[in-house]
Amino acid sequence: MTQNKDLITLHNNTHRNRSLSVSLVQDVTVAQTAYRVGIRYIPDKLLLDPENLPAYLEKILSQTDVTVDLLAPEIIEDLMDQVIPKWIEVTLEQTPDQQNQKIIVTVEDRQPNWQDDSLLLRLPRLFP
């Protein structure tokens, strides 16, 4: 877990009785490396406040000793700890590097016993 969770801000979900899906896509450039971060979740009691999301992502993506395939699980771990959604998916895309490799990592998690595959199947792709 990262020390950056204090940058994640939340507010109450006043529509807990409805099926709600939230998607956020944020482009972040850190040290001349461009990332696209997609966060999609089914909230429970709390909603992620998008206001501080860029600062959180810049901080976590600036870890020079961690590869992109390890950063996506760190992001989802932080969000699961703070937002506690019913279901969450984080997609982290890094622009092509010097070898022209484009890296895309997707991580998913959910609360125990939460199951609504029909809702998840209707969700559109985050990145075209």
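**Close-up 1. The lining of the largest pocket in this predicted model carries no charged residues.** By class, the residues here divide into 7 nonpolar and 6 polar. The lining is made up of 13 residues, and the pocket has a volume of about 210 Å³. Two elements each give two or more residues to this lining: strand 3 (33-42) and helix 2 (68-83).

**Close-up 2. Strand 5 gives the second largest pocket the largest share of its lining.** That share comes to 3 residues, and the pocket holds about 170 Å³ of space. Strand 3, strand 5 (87-94) and strand 6 (103-110) are the elements that give two or more residues to the lining. Here the classes run to 6 charged, 4 nonpolar and 2 polar residues. Among the lining residues you will find Arg36, Arg40, Glu89, Glu93, Lys102 and Arg125, along with Thr91, Ile104 and Thr106. Leu126, Phe127 and Pro128 also belong to the lining.

**Close-up 3. Arg36 sits over the face of the Phe127 ring.** The distance to the ring centre is 5.8 Å. How many aromatic pairs does a search of the whole structure find? The search finds 0, so for a ring contact to look at, this view of Arg36 over Phe127 is the one to visit.

Terms used
Residues are numbered from 1 along each chain as its sequence is written. This is a predicted model: local features need pLDDT of at least 70, side-chain atom pairs count only at pLDDT 80 or more; totals for chains, interfaces and linings use all residues. Side-chain values use heavy atoms; hydrogens and water are left out. Rings of Phe, Tyr and Trp (its six-membered ring) pair if their centres lie within 6.5 Å; planes under 30 degrees apart count as stacked, over 60 as edge-to-face and the rest as tilted. A charge sits over a ring if NZ of Lys or CZ of Arg is within 6 Å of the ring centre and within 35 degrees of the ring normal. On a 1 Å grid over the protein atoms alone, a cavity is a set of points where a 1.4 Å probe fits but cannot get out, and a pocket is an open set with protein on both sides within 12 Å along at least five of seven lines; lining residues have an atom within 4 Å of a point. Grid points are joined across faces, edges and corners, and a volume is the space filled by probe spheres set on the points. Helices (H or I, at least four residues) and strands (E, at least two) are DSSP runs, numbered from the N terminus. Ala, Val, Leu, Ile, Met, Phe, Trp, Tyr, Cys and Pro count as nonpolar, Asp, Glu, Lys and Arg as charged, and the others, Gly among them, as polar.
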